[in-house]
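Let us walk through this structure step by step. Keep the 3D view open as you read.

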Number of protein chains: 2
Amino acid sequence: MGHILVTNDDGIHANGIRALVEVASEFGKVIVAAPDRPQSAKSNAITIGKPLRMKKVSLFGDLVAGAYAVSGTPVDCVSLAMDQLFTEAPLLCLSGVNHGSNSSINVIYSGTMSAAMQAALAGIESIGFSNVAFDEEVDFTHIKAAMRKIIAMALDKGLPKSKLLNINFPTTEDGSFKGIKFCRQADAQWTQKFVSRTDPHGRKYYWLTGDFLVHDKGTDTDLHALKQGYISVVPVMTDLTAHDDLEFFDAWELEKSKSV
Amino acid sequence: MGHILVTNDDGIHANGIRALVEVASEFGKVIVAAPDRPQSAKSNAITIGKPLRMKKVSLFGDLVAGAYAVSGTPVDCVSLAMDQLFTEAPLLCLSGVNHGSNSSINVIYSGTMSAAMQAALAGIESIGFSNVAFDEEVDFTHIKAAMRKIIAMALDKGLPKSKLLNINFPTTEDGSFKGIKFCRQADAQWTQKFVSRTDPHGRKYYWLTGDFLVHDKGTDTDLHALKQGYISVVPVMTDLTAHDDLEFFDAWELEKSKSV
């Protein structure tokens with residue numbers, strides 16, 4: 001059995017990572033490297049200018065070959081684990097199960113997905129799992145069964161060229177799923193609004209709130225699949241080039257100019 | 001004259017943002033909202049669970065209509081500014097000038113680019129500017145001239161559908177540029193390595209170092225353009241779907257299954 005790297009962004013004490021470790025341990029020797037505290041919405045942030053700490057923990061008992069709490073971001077956890085804990089590359093990197101959706105535009109803010117992305121950039125096939133429900137005490141029975149099936153397929157058939165999947169589990173009435181849909185990321189945005197308060201010294205501060213605006217009416221998106229009760233699977237890439245936009249710049253006619 | 005939002009990730013005291021403010025002020029009424037301290041490599045991170053502070057500063061004198069130092073990430077700066085400082089949407093969001101390259105895979109880690117991306121998601125045409133040289137005391141003469149030309153074109157001709165450009169200035173012998181190239185993001189990765197030290201209490205800690213590995217041999221990339229002495233311009237999008245990979249999943253044949 002090869003090694004599997006498990007990480008997340010909710011922190012090593014979250015219920016989601018325990019559910020993932022339980023399933024992952026059926027497929028390989030699990031090494032956990034996860035943040036020592038919640039690191040949600042950290043995106044691809046990297047800790048620079050200060051060093052990291054890494055502490056061995058016994059949270060997962062015999063389920064794992066080793067588990068480490070790291071003082072940094074989700075991306076730091078993956079980078080530090082890859083450099084310090086593996087003599088050969090892991091078979092797979094699994095991130096999550098995130099408490100909350102990483103569908104649609106959430107993918108760019110998510111620490112869970114960024115951790116998986118960091119492993120994918122290093123050539124490791126990686127999957128981020130997220131549960132749309134924020135509930136920390138959610139029942140993981142159906143999610144674990146689905147993850148077992150997906151991980152088995154990933155190990156058997158491999159992942160596509162991008163090496164990275166964003167998988168979200170919907171909230172359904174009885175907790176079960178209609179099936180799996182392979183989708184594109186829905187076009188949506190967070191409109192961030194702030195509520196101001198005044199501290200006892202008369203100075204203002206601002207609490208983040210926000211509205212989620214969906215622009216996409218497509219039926220081939222992750223949001224649509226989730227709404228229908230399907231597990232959504234989006235293959236994710238790290239080339240952000242808007243290739244279709246490149247020809248737009250003929251209008252700029254700047255390339256011909258040497259005088260910049 | 002409409003309003004222009006200026007931000008960065010090196011912090012409001014960096015020389016790069018001053019150079020950008022000087023140019024931007026020729027095109028509109030500038031509002032600066034930038035981090036109160038360096039926030040490099042923060043990617044699309046958002047501050048959650050604690051409030052933000054925003055302090056009016058007089059750093060830029062009459063060049064600007066207002067300047068604010070924000071206690072959060074670059075994305076926080078843009079969100080807070082859009083919500084609290086503008087009654088109508090700005091004409092343009094300009095981010096930078098970053099001290100250091102945001103070409104190639106750096107785009108996913110960059111706070112400079114993520115700030116611009118946040119504005120683009122809100123429908124604002126946005127440009128991130130980065131100088132490949134890390135040098136804090138760099139001469140901005142040629143960069144300012146090029147930015148002047150690019151901002152004029154952006155206001156005149158508009159940006160393509162993605163509404164977001166990643167622009168990098170190369171280091172050249174005499175500081176001048178050969179011209180502008182419209183490119184795709186080069187395929188490369190950071191392999192993060194750590195150097196361990198031991199503190200006076202016998203506990204290990206880890207300093208981040210790293211190697212930049214370029215996999216891409218293309219001549220249509222940002223890295224290639226920069227190497228040749230051209231300014232690189234990459235249109236950037238936020239749909240991370242690996243569309244070409246979607247058909248791969250026929251091999252999984254999971255969609256047909258209801259038993260997940």
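Start with a rule about angles: under 35 degrees, two axes count as roughly parallel. Keep in mind that this model is predicted.

Now find two helices in chain B. Helix α2(B) covers residues 74-84, and helix α4(B) covers residues 111-121. Their axes come within 7 Å. They cross at roughly 30 degrees. That angle is under 35 degrees, so α2(B) and α4(B) are roughly parallel to each other. The crossing also has a hand: for α2(B) and α4(B) it is right-handed.

Which residues in α2(B) and α4(B) meet? On the α2(B) side they are B:P74, B:V75, B:C77, B:V78 and B:S79. On the α4(B) side they are B:G111, B:T112, B:S114, B:A115, B:Q118 and B:A119. Sort this contact by class, and you get six nonpolar residues, five polar residues and no charged residues.

Next, step back to the two chains. In chain A, 69 residues are in contact with 70 residues of chain B. Several elements of chain A give two or more residues to this side, among them α2 (74-84), α4 (141-157) and β10 (204-214). Strand β9(A) gives the most, with five residues. By class, the side of chain A that touches chain B has 39 nonpolar, 16 polar and 14 charged residues.

Now look at the backbone. Where in chain A is there a cis peptide bond? Go to the bond from A:G96 to A:V97, where omega is near -15 degrees. A:V97 is found in strand β5 of chain A, residues 92-99. Chain B has a cis bond too, from B:G96 to B:V97, with omega near -10 degrees. B:V97 is found in strand β5 of chain B, residues 92-99.

Take B:A41. Phi of B:A41 is near 60 degrees, a positive value in a residue other than glycine. B:A41 sits in the loop between β2 (29-35) and β3 (54-56) of chain B. Is B:A41 buried or exposed? A residue is buried if 20 or more other C-beta atoms lie within 10 Å of its own. B:A41 has 22 C-beta neighbours inside 10 Å, so B:A41 counts as buried.

B:S104 lies in the loop between β5 and α3 (106-109) of chain B. With 28 other C-beta atoms within 10 Å, B:S104 is buried.

Definitions and conventions
Residues are numbered from 1 along each chain as its sequence is written. Chains are lettered from A and ligands numbered from 1 in the order in which they are written. This is a predicted model: local features need pLDDT of at least 70, side-chain atom pairs count only at pLDDT 80 or more; totals for chains, interfaces and linings use all residues. Axes are lines fitted to C-alpha atoms, for helices over the stretch in contact, and angles run from 0 to 180 degrees between N-to-C directions. Helices (H or I, at least four residues) and strands (E, at least two) are DSSP runs, numbered from the N terminus. Angles under 35 degrees count as roughly parallel, over 145 as roughly antiparallel, 65 to 115 as roughly perpendicular and the rest as oblique. A crossing is left-handed if the near helix is turned anticlockwise from the far one by less than a right angle, and right-handed if clockwise. Two residues are in contact if their C-beta atoms, placed from the backbone, lie within 7 Å. Ala, Val, Leu, Ile, Met, Phe, Trp, Tyr, Cys and Pro count as nonpolar, Asp, Glu, Lys and Arg as charged, and the others, Gly among them, as polar. A residue is buried if 20 or more other C-beta atoms lie within 10 Å of its own, exposed if 12 or fewer, and partly exposed in between; C-beta atoms are placed from the backbone.
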